[in-house]
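Here is a short briefing to read alongside the model. Please keep the viewer open and follow along as we go.

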Amino acid sequence: MVHETDAILFADWIWPALLFFLEAAALLGLLALIGGFLVAAFRYGPMAGGDTAYRMIRTGLVDFVSISPRRIAALSWLAVQESLRRRVLVGFGVFLLILLFAGWFLDSRSNDPAALYLSFVLTATTWLVLLMALFLSALSLPADIKNHTIYTIVTKPVRPGEIVLGRIIGFAVIGSILLAIMGVFSYVFVSRVLSHTHEVEVASLKKAPNDPTGAQTGRTSSVLNHRHQVNLDEKGNGSTDIVQGHYHQVTTERDGDKVRYVLSPPRDLLTARVPLYASGLRFKDRTGKGSDRGINVGNEWKYRSFIEGGSLAAATFTFDDITPERFPEELPIEMTIRVFRSYKGDIEKGILGSLVLKNPRTGRASQLITFRAKDFYIDSLPISRKLTDPAGNSIDLFADLVVDGQLDIELQCLDDSQYFGVAKPDIYLRARDASFTMNFVKSYLSIWVQMLLVTGFGVMFSTFLSGAVAMMATLATLVMGFFKQFVFDVAQGSIQGGGPIESFIRIFKQQNVTTQLEPGLTTDVVKAGDQVFMWFMSHVTTLLPDFRHFDDVDYVAHGFDIPPDTILIQLFTALAYVAAVFAIGYFFLRTREVAR
Amino acid sequence: MNERQRFTRKIVYACVIAALLLPLSWLSQPETTESKGGMLAQMRAANQLSQAQLGEIDPASETIKLATLGMRGVAANVLWTKANNYKKTEDWVGYSAALEQIAKLQPNVVSVWIFLGWNLTHNVSVEFDDFHDRYYWVIRGINYRQEGTKYNRDSPRLLSDIGWTIAQKLGRADEKVQFRRLFREDDDFNGSRPLAQRDNWLVGREWLMKAEQVAARGVAVRGERPVLFHSHPVMCLVNYAEDLEEEGTFGEVAKNAWRKAAASWAELSNRDLPTLSNVFVRLGDKEIYDERSKKAQEELDRLATADLKEKFKAEKLASLTTAERDAYLAPADRRTTQQNELLYAVNDKMTIGHIDLAERVPGENRAAALKAAEEATFADMMSNLINIERDVVYYHYWMLRCQIEPEDSTLEARKLIFEADRAFTAAQLVKASELYDQGMKKWREVLDAYPALLKDASTTDPLVDSINHYRSVLHQLDEKFPKPFVLQDVLEADATFHGLPLPEGEQGSEAPPSGDAAKASP
């Protein structure tokens, strides 16, 4: 699985994040206070304005400490009822329709159907739930204000903060219920679609070449647009090759003369690997000199670095926390290695590579462990605890090679002038397998977090904007959140084509992004205007949530466990945003006549 | 604005909308059994643009188009961008899923199927190291385009592209040996097709012929010269026969394959082919036009006296500038560079056209001379046009190959060299040496009978590879490379084609041995 950035541990993240949150909150609070004072001073004079601002803060604090869970629960229930009145269940109907007809739109010949179907259901759920949250949260309060139904609430002893929080919680509850139902349906859908078995085509079974033991090879029937090669031992047991990301185990049942081959359900199809990634990766060039990166073989995507075969070039992965308790029998290495051939070579064979396990302190090493690289596949290479060194002496993994839980694994390509490409997450230890069901639940938790964010922003915008405008503002937040990096890069000027005004001119004049605008006063004005825009964009973008950070679809789709740290970071980030939008929403609602 | 004004305004809007809808409804009336429908329906039918005429009506495609709510272009752009990003980051699952969706959004844009199918067969497949994976993606690309034919059943370009890909990608790639083997074993692609027919060239030909059938119904073939378009199925048979021999199948099977190829070339020779000059020609008619031209020129020569020709030539010479005349009259070996540059234009000026000559014929012969001149000019033009088309498809060479390959001597020569190469690979040096000796002698006979074969590297390249193996065998047996060598002319021709010098001591000053000399060597 591709990780373009290193995963962050919750413990490392929480304190700097908390500090940033407090700083941003203080700054925004101060700006809001000054802004509020200026507006009030303009309307009522400086003294009265000051008094108004002071009262606003004082009342706010009183309201905050006097929040009643009972009233919030009642208001939340109202929000739930309102959602039901607004036929929110239509969203679920649409979801069912999508599932029913998914087969029409999905690629039935995909080489990784699990990834495809899981990505599909999770993405479809995300967008449906987010859109539903958007409509519900942004339109509710303005509609109540417009229809004056808000007076049935504000005339009762409730505080504005409770109205805001009640709506956020109410919409979140209805969204959660919908998500839970969608989750169950999605799980059943994916499990049913991917569940299959094959039959061994008995006529295809042949004795394995150069094998005197009586082993056989053959193939299975074609099911769901794929078939497997079968390798059976002399007793008729064995397994299939990996096709479409899974394999089957084969057992033989004999009833007199009758032989029946039974294939297991697919293995490794719906899984949740818990990987132990390397803490560091360093390279050696062809002369054996150390470097941070390997060679670029001409790929635009610089994720992986390449090492040259038949030379001293190597990639060394450093692993921490290798203990006999975690790995009592063997080191379950899994790797995805990219192959780049600089000449055709022997097409029938993969490129030969080797792994060497090394003591990071003494340099003591195991003998070469060779393998043929399987490009684009996760290749398993379990390494026994008992090893031999290059001189043929027996060594023990933990006694001789692991020091303070640390171990180096050195990868080399052995075929002359052929290349291996790796990134840090490409070689890992499969520490254990977590429950796929739990992983699926965790992915829904990340969707829930996104829904909570959209709901919060929607309610916040609806406290001071009309329904349609609040919806547009929430949608803009969502879109900006999904393209945060791009918007930030535009704001920083690191993307060709200039800022928003310059881009607009280029689009209008059909001018490409690389040509210079004609020098002159107009261009100067445009660029100056863009600077203002870009400053604004840069600061607004910094404050908005990055929705891509809440996206855990890839983990589930590629069969990796979502790290608990990631979930915790997502939860805390969302709660921080909800707290912020609640506070903003409260103050804006306070400014409305209806809430006074 | 009061309530009444608002109501009035709504009524006005409704009336305007209804007024606009009426003509629209009239224009877009659907076609029924009783009527031809509105103008839009008629135009759709006339231009064969209705979905039913283009291909299958796919509910998935229609749904996805409808779901984009008129933003199909934007959606397609977003998907193309996503697909490019997936390709960059090597996410092939996402890439192929995006391709499927793009195709569903734009099912009737043939170039989308071709372009994206090409991406799968040629660009994605090579990203994988294992040839099984490569084969999988090649077939994915072919299947993708086959899916496209459901929506565009009358596109000769798409059908031809499928045939070309099955034939050429599987039969010409670096992994062609493995691809052809996997293709024969591929029950999922071939279905119930008999094993003998499971050859990429033959299956590719089936699709190419489907394209020809569609073209024969009057659908224009765009983007490809007609002679090339029609030569693909013929060349499939040639390549099939070649690959049979390359894989060690000789005898009657190979002979029949070559005969079929020859018959197919003969068929192509008699097909009316449009040319770029909007004139239809037949590849096989060149000799007929040459004969007609010859006869007409003889008649013209009879009517126009030698004096007349000389006089005409002298006039033309006199009309040249001094520099042009000097260039024209100078002996070839003494012409300066400048004169050589001038010569092309001068020769053009000095050429005496048939019509020009006929117009100078005096008296009662003039009319007959003009008729003969017109006939000669027309026949020359047709001959030239045919020649151009013949050159495009390498007509002479392939006709010659199809003629000689089924002959016993050629088959025997190829078989001996094939077996020698196999013995060489198996390190059976003595056997290889003997087989090479016999095979090269046989090749000598073939080349003596058909020296034109030496004009093409397709003949010499594989032979030179085998000669190099032979050289290696002799070296390992501690024997010298024979001189004179029986296929010396092959080595020389190869050196000329590739602009390389012959190995030290193998420069053949002697003429290529033939007849008795061949018997003495190697």
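In chain A, strand 5 and strand 6 form a hairpin with two residues between them, and Gly256(A) in the turn has a positive phi of about 65 degrees. The model is a predicted one, in which local features need pLDDT of at least 70, side-chain atom pairs count only at pLDDT 80 or more, and totals for chains, interfaces and linings use all residues. Residues are numbered from 1 along each chain as its sequence is written, while chains are lettered from A and ligands numbered from 1 in the order in which they are written.

**Around the hairpin of chain A**

- Strand 5 (residues 249-255) of chain A and strand 6 (residues 258-263) of chain A run antiparallel and are joined by six bridges. Helices (H or I, at least four residues) and strands (E, at least two) are DSSP runs, numbered from the N terminus, and two strands pair if DSSP finds at least two bridges between them.
- For Gly238(A), the bridge partner in strand 5 of chain A is Val250(A).

**A four-stranded sheet in chain A**

- What is the strand order of the open sheet of four strands in chain A? The order is 7-21-12-16, with antiparallel pairing.
- Strand 7 (273-277) and strand 16 (379-384) of chain A are the edge strands, each pairing on one side only.
- Direction ignored, neighbouring strands of this sheet are turned by 40 degrees against each other on average. The axes behind such angles are lines fitted to C-alpha atoms, for helices over the stretch in contact, and angles run from 0 to 180 degrees between N-to-C directions.
- Five bridges hold the antiparallel pairing of strand 7 of chain A with strand 21 (residues 427-433) of chain A.
- Within strand 21 of chain A, Arg432(A) is the bridge partner of Val274(A), and Leu429(A) stands opposite Leu276(A).
- Strand 21 of chain A pairs with strand 12 (residues 330-335) of chain A as well, antiparallel and over three bridges; Ile427(A) in strand 21 is the bridge partner of Met335(A).
- In a regular strand the side chains alternate between the two faces of the sheet.

**Chain A as a whole**

- Chain A has 16 helices and 21 strands, and its C-alpha trace spans about 100 × 65 × 55 Å along its principal axes.
- Of its 596 residues, 34% count as buried, that is, with 20 or more other C-beta atoms within 10 Å of their own; 12 or fewer makes a residue exposed, anything in between partly exposed, and C-beta atoms are placed from the backbone.
- Among contacts in chain A between residues at least 6 apart in sequence, 71% join residues at least 24 apart. A contact requires C-beta atoms, placed from the backbone, to lie within 7 Å.

**Ser538(A)**

- Ser538(A) lies in helix 14 (residues 521-543) of chain A and is partly exposed, with 15 other C-beta atoms within 10 Å.
- Apart from its neighbours within four places in sequence, Ser538(A) is in contact with Phe488(A), Ala491(A) and Gln492(A).

**Chain B as a whole**

- Chain B has 26 helices and two strands. Its radius of gyration, 33 Å, is well over the 24 Å that the globule rule gives for 522 residues, so chain B is more spread out than a compact globule. This radius is taken over C-alpha atoms, and the rule is 2.2 Å times the number of residues to the power 0.38.
- The C-alpha atoms of chain B fill a box of roughly 110 × 80 × 45 Å, taken along the principal axes.

**Helix 10 of chain B**

- Which residues of helix 10 (residues 176-185) of chain B are buried? They are Phe179(B), Arg180(B) and Phe183(B).
- Helix 8, helix 9 (156-172) and helix 12 (200-216) of chain B are among what covers these buried residues.

**Where the chains meet**

- In all, 23 residues of chain B are in contact with 23 residues of chain A.
- Helix 6 of chain B gives the largest share of the side of chain B that touches chain A, seven residues.

Notes
Contact = placed C-beta atoms within 7 Å.
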